[in-house]
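Here are some questions that a careful reader might ask about the labels used for a structure. Each answer sets a value against a definition and then concludes.

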Amino acid sequence: MLSSGVCTSTIQLPGKVAVVTGANTGIGKETAKELARRGARVYLACRDVQKGELVAREIQMMTGNQQVLVRKLDLADTKSIRAFAKRFLEEEKHLHILINNAGVMMCPYSKTADGFEMHMGVNHLGHFLLTHLLLEKLEESAPSRVVNVSSLAHLLGRIHFHNLQGEKFYQSGLAYCHSKLANILFTQELARRLKASGSGITVYSVHPGTVNSELVRHSALMRWIWWIFSFFIKTPQQGAQTSLYCALTEGLEVLSGNHFSDCHVAWVSAQARNETVARRLWDVSCDLLGIPVDWLMMAAGPKRSLKQTTQHTLPK
Ligand SMILES: NC(=O)C1=CN([C@@H]2O[C@H](COP(=O)(O)OP(=O)(O)OC[C@H]3O[C@@H](n4cnc5c(N)ncnc54)[C@H](OP(=O)(O)O)[C@@H]3O)[C@@H](O)[C@H]2O)C=CC1
Ligand SMILES: CC1=C(/C=C/C(C)=C/C=C/C(C)=C/C=O)C(C)(C)CCC1
């Protein structure tokens, strides 16, 4: 947990477009800053636009990159997710990097605007819907990448399909673990489907390490542990390295679907490798969000094969 990893890629990103969710603080802020430093146009997707604007100005000043923009995104409300995606699709031609970073941990039992348990709703379902809505843009901008920020905490997670909204039993720490397991299962299932569709989008899940951030805000005990060990745990900048590694490292496409920690491929639990659970979670997530289960083939598949046909026939 205390070891580190550094993204050593020197790649620059002029003309590239990135979206980072939860970019107003912690790991997301440092991830966005580094992408901006490399010249990308970076969208800070934040639920609190005022906080986001302050951070955007700070990043602009530190990096000299004025193309740091703030857009409202509340992952606890599917209307807000749809509004964010609609505006983004209207105003941007490309999306090369999507970092699904935002997260909540150990909230008291609560529900999102759509009635989903808060951890599952924000950490998993919110990002699932966002990725679905932005997929077309990622496909048009391929090669493009999606990074899902998960956690080692997935080890304690289980997908209880009969209690996905925590209504039968609820423990806040475990609810976080379940949602982080869902992040990994989503990554693997998305990678399988993207590969089958011949898309140039790749996807990775990440454990950032134990990082000194605001994630522990809901638990006095965790705040205390974090404070005691603050000298030993990672800074947010160190915590951003594995997300950056997955977003930027050349030649990583063959490892799409893998989980990374400290900038290396990392082991995941047996549950996280269970394809049956991953497929079922995909179907249930689509059902809860009211989107077709084959959204990926609908968005990427037919167009990709059309593009390939055109490419093959044009030179002659
Ligand atoms: N810190 C750690 O030790 C670890 C962190 N992680 C993961 O790293 C990711 C980043 O966490 P970290 O930087 O540590 O935590 P922070 O609490 O510092 O940052 C979380 C970010 O998510 C945003 N967010 C929370 N809820 C919503 C929402 N409903 N809609 C939009 N944005 C929201 C927060 O916004 P706001 O400021 O407005 O609340 C904030 O910007 C998370 O996914 C977390 O699970 C994984 C393993 C360990
Ligand atoms: C006991 C102990 C620690 C506690 C680690 C914990 C409690 C990690 C929790 C990680 C989480 C919640 C990750 C989020 O996804 C430290 C601080 C490493 C210092 C060494 C001793």
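Rings of Phe, Tyr and Trp (for Trp, its six-membered ring) pair if their centres lie within 6.5 Å, and planes under 30 degrees apart count as stacked, over 60 as edge-to-face and the rest as tilted. This is a predicted model, in which local features need pLDDT of at least 70 and side-chain atom pairs count only at pLDDT 80 or more, while totals for chains, interfaces and linings use all residues. Residues are numbered from 1 along each chain as its sequence is written, chains are lettered from A and ligands numbered from 1 in the order in which they are written, and side-chain values use heavy atoms, with hydrogens and water left out.

Q: Which residues do ring pairs link into a cluster?
A: Phe128, Phe186, Trp282 and Trp295 are linked into a cluster by ring pairs, and the structure holds 11 aromatic pairs.

Q: Why is the pair of Phe186 and Trp282 called tilted?
A: The ring centres of Phe186 and Trp282 are 6.0 Å apart and their planes stand at 40 degrees, so the pair is tilted. Phe186 belongs to helix H5 and Trp282 to helix H9 (residues 275-289), so that this pair links distant parts of the chain, 96 residues apart; a helix here is a DSSP run of H or I with at least four residues, numbered from the N terminus.

Q: Why is the pair of Trp282 and Trp295 called stacked?
A: The centres of the rings of Trp282 and Trp295 are 4.9 Å apart and their planes are at 10 degrees, so the pair is stacked. Because Trp282 lies in helix H9 and Trp295 in helix H10 (residues 295-299), the pair ties together parts that are 13 residues apart in sequence.

Q: What makes Trp282 and Trp295 count as buried?
A: Buried means under 20% relative accessible area, exposed over 50%, and partly exposed in between, with a 1.4 Å probe and protein chains only. Trp282 has a relative accessible area of 1% and is therefore buried, and Trp295, at 2% relative accessibility, counts as buried too.

Q: Are Cys46 and Cys177 called buried or exposed, and what makes them so?
A: Cys46 counts as buried because its relative accessibility is 1%, and Cys177 counts as buried because its relative accessibility is 7%.

Q: How far is ligand 2 from the side chain of Ser151?
A: An oxygen atom of ligand 2 is 2.5 Å from an N or O atom in the side chain of Ser151, and another polar side-chain atom, in Tyr176, lies 2.6 Å from an oxygen atom of ligand 2.

Definitions and conventions. Polar contact = N/O pair within 3.5 Å; in protein donor to acceptor, adjacent residues only side chain to side chain. Helix = DSSP H or I, 4+ residues; strand = E, 2+ residues; numbered from the N terminus.
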